[in-house]
Amino acid sequence: MIRYARKKYGWDEIKKRLDEDVADWFSRFPELTPPQEYAIVPISRGRSVLVSSPTGSGKTLTVFLSIISELYSLAKKGKLKDRVYCIYVSPLRALNNDVYKNLLTPIEEIGEICRERRGVEVNLRIAVRTGDTTQGERARMLREPPHILITTPESLAIIITAPKFKNLLTDAKWIIVDEIHSLCDNKRGVHLALSLQRIEELCGRELTRIGLSATINPLEEVAKFLVGYREDGSLRGCLIVDVRFQKKMDLKLVCPVQDLLYTPSIEVSKKLYRFLSDVITSNRSTLIFTNTRSGTERVCFHLAKLGVVKADELGAHHSSLSKEERKTLEDRLKLGKMQGVVTSTSLELGIDIGFIDVVVQLGSPKSVSRGLQRIGRSGHSIHEISQGIFSAMDLDDLVEDAVLIREALSGRLDRVHIPENCLDVLAQHIVGMAVTRKWSLDESYKLIKRSYPYRCLPREKFMAVVRYLSGQFGFLEEHRVYGKIWMDEEEGVFGRRGKLLRAIYFQNLGTIPEEVSVAVFAKKRLIGRLEEDFVEQLLPGDLFILGGRVHRFKGARGMRVHVEPADGMKPTVPSWFSELLPLTFDLGEAISGLRHEVWEFLERGSEDKARKILLKQCRVDSWSADSIVNYVRLQRDFLRVLGVEAFHSPENLLIEQYVDSGGKMNLVFHTLFGRRVNNVLSRSLAHVFGKELGVSIKLIVDDNGFVLIIPSKRRIEVLRCLRKLRSRNIREEIEEAVMNTQYVWRTFRHCAARSFMVLRRYKGHKIRVSRQQLNAETLFRVCSKIPGFPIVEEAVREIVEDKMDVKNAERILGDIERGERRWILLPKYDLPSPFAHRLLLRGMQDVVLMEDRKHLLRDLYEQVLERIRGHGGVEVAADS
Amino acid sequence: MEASRLLPIAEDIYIVDPWPAVYIESLDTLVLADLHLGVEGALEKEGIFLPLNVSLIVSKYVEEALEDSKASRLLLLGDVKHEFGFPNPSEWIEVKKLLNGLLARRIRVAVIRGNHDNYLISILRRLNTPIHQTHLNLDKYSFVHGHLPLKTEEMGEVIFMGHEHPSVRIRAETGVTHKFKCFLVGDLRGKMLIVLPASNELAGGVDVNVASPSEFLSPILRGCDLGLFTPYLLDPGHAVHRFPQLKFLGTMSYGRA
């Protein structure tokens, strides 16, 4: 049963549950924090608990207090063995080190109390084991096992497989997962979920599982993710301590200029930087969030230029900086020596950064939960009010922020997506299991199904993975290829094959793709780095953006790329690889809702009412309110010119037929569902339209909608094509469409690495997937020839379910089929509507390729000819 | 003979569409290059474990091309197997199986020795298949592997070679880069040179429209003006298409600057 904690416990009840000395030590705190009131007693009773609370609410002690207490009681009775009792897992090494330090103090102080009062010397050991831990330290842990082990998901997967270390874990009683919100929505979390099952199997009993999370929704699902299921399929019990909203928040939206609609962007940024420096100078410490690394650099640069803060009290913090640089800045923050820090996502997680007066969010954080997590970094203690200021430089972001504030204040958070049935992670764990001992297929399948992400795993999928790993995939005996494990299907057992397997597992486990980056040089100057996958796609002469400037690719030699600046040119290579945060589905729907609300007020002539709602419910300033109302009015006026009476809403999905200056038809779909859904809708529609017309369709995708660009002179019946895409066939369409994108090659390579098909390290040396030997396209094309091959299936699944959101896309089409939502096709026009501008300018471009390779070759041939003619033969010859 | 399956590239010479094979009508001979049987084994040593047997695919190409051309003789332009050293058992099996199948169908097989073909002689001798150390001349045609410099004066009017595994990378209007294997047809000191693509998809090659001459594997090609060669782009099993000379493909992406 998943239940919410209703009962608060006071000092007396808590102390009663604690060892006397520990209780005395704990009494030195002036008061209990909310999570402590709810969680300490249940944890001391051995219940599994999920605590969701803002930072600064004393989480470390909440979970560790009763554990430390129990270990002291054991020690005093002389019953504390040289075993690991408690395992703490967090995704960040920095956080591991913080927790280690935060535990040392109480343990030393309690130890002192014991010594003074009773003359008892208690030696409670804690240790951190991560990828950084040296061989010597690991050997010492074997001799003197830590009672509390602090580790990462990857190191956990190693220690439960390591021949000697795993034997020290068999008496473990507690396992703590910190920052669970940053794990459960990705494969790292899925990987951890299986490790949790494996560790219990090792111990032969259930452990008390404790999860710690920042603001996230829905907590029930995260709780299930934490505890998993029993063998009979019933859910294990978990108590949810929900103190997400205990910290008071003061939120507001500030528009840097009076009218964002008509002010030139240079003016807007000038005003914005002035506003930011005002905020920084009037506070002790300000943390500014942007969404991208380049944005972080830019903002920091401009603020420094204004010179209102001392140069060493202003800094940027993002993931491209070296570990040392980041550490220095974090330490200075903690010591209160930084007045302003600009960051992208790297300071979202719970590492200790001391006291922040105010958080500024530039642009939209794209998700209510993320917005709250960021704002929650201010006003460190739970009793202080979090100060959050939102600001934006464009209208769409302004509207998003306004809606986000309203949603946050009314406690409506977007839902997290937990990936399911990831076959690559599964393959990795099956190898890990085979390393330790011989398994029956049944017991292994049951163990896997007890974890939340695999609760619905079909037996065939499990078997496909085992068969693949044992080299028995769909081929005759004589063609059996290399198998990592052996399996006897008749006997129903599998196990390790060969001595190399353990080394392969230890050296290659993990789920985070290793992106190899290549240094980029202009003349002899290093100007940045690019991912190898991206470089693989470049041809000499290509123009692309790096560090905000356009460059021309000249060539690559080994790990060096040579470019020259090409300012003012138009990039020829679309940047698929920019991993911008996608807008969440729920926030998208809420934005549609608000825009429609404002429109309704305008229709009724009560503009003041619209403004009032924005001011009151969305906490916007009057400039923001004016800008938002004007934006909606402009769109309405545009639609009226076209003779359209309806307006955008969650139910009304407008499609513009914008004919551009080149005569191409741009179908602009206003689907405010976020990029994860729009990727599905756009690609599957491009696939349908492409099949209908026999051409490759270029498309632009963004959070607010998408554009299909139909080559000129093609007549197309839009509504008829739309009807071909149904809720029951969209999954098939998108899977087929994905098979024909470049994106799948790269994803496949990641999945191949996770499932140990392509190793990162082998026989003691690091392997680079050499570009010449086997590029991602060839690897994918060869493997996709094998019917039902699980790793190809997984690459496609990862794209359509995790990177994209096929389930909500299905839902939307279902709504349309039931008449609950509708497409509204606008008449042809030679201008795009105001709501379409950002989409057309900034969206990410991609292509759904023709499937027919013969057709593709002919098409390419025609393109080459056209280009040669366009250039004039002589000029081309001179170029080459 | 189904004419529709044969794409003429010169008098008497055809590409067997859509396979990595050339057919010479007057000799009734099919030519393929660089089968690299057993390449999976080499990839395994690099930590890439392919779950499939590529030899099956390669053998299929050979058989389909024979079927489509109805040729009575097969010439393999070297690198029949991949490993330089002593063949591993599976490689041995693959080579034997392919040749046995061909012999059973009364196809005459001859092999030009490639740089990967050490140890191949003993297998071939047992199967009564001749192997030619440097080249083979038949009428006006010469066949070489391509890893050694050529004595042009000893060659016929048309020279066939492998070894380079040529491919091109080409950017479509849509912005996507595609990689295709290709045949190359051009002039070598007054003679016609025809370069065949590798028959094995997993055998990496050189992107001839992007690489500089010093990166070419074959000493023969390093001395040619490759820009004047005509490529025939190939997706094995799917399609072949003739393209303008390589120099035009090399400048593809400048077109949009």
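Which residues does A:Gln635 touch, not counting residues up to four places away in sequence? Let's work towards that spot from the whole chain.

First, a word on the ground rules. This is a predicted model, in which local features need pLDDT of at least 70 and side-chain atom pairs count only at pLDDT 80 or more, while totals for chains, interfaces and linings use all residues. Residues are numbered from 1 along each chain as its sequence is written, chains are lettered from A and ligands numbered from 1 in the order in which they are written, and side-chain values use heavy atoms, with hydrogens and water left out.

A compact globule of 880 residues would have a radius of gyration near 29 Å, and chain A agrees with its 29 Å. That radius is taken over C-alpha atoms, and the globule rule is 2.2 Å times the number of residues to the power 0.38.

Of those 880 residues, 60% count as buried. Buried means under 20% relative accessible area, exposed means over 50%, and partly exposed lies in between (1.4 Å probe, protein chains only). As for contacts, meaning heavy atoms within 4.5 Å, 74% of those between residues at least 6 apart in sequence join residues at least 24 apart.

Now to the cysteines. A disulfide is a covalent bond between the sulfur atoms of two cysteines, and here the test is a pair of cysteine sulfur atoms within 2.5 Å. The structure holds zero disulfides over all chains. Take A:Cys255: the nearest cysteine sulfur, that of A:Cys618, is 14 Å away. A:Cys255 is buried, at 2% relative accessible area, and A:Cys300 is buried too, at 12%.

That brings us back to the opening question. A:Gln635 sits in helix α22 of chain A, and its relative accessible area of 0% makes it buried. With sequence neighbours up to four places away set aside, A:Gln635 touches A:Phe647, A:His648, A:Ser833, A:Pro834 and A:Phe835. A:Asp637 also lies in helix α22, which covers residues 622–641, but A:Asp637 counts as partly exposed at 33% relative accessibility.

Terms used. Helices (H or I, at least four residues) and strands (E, at least two) are DSSP runs, numbered from the N terminus.
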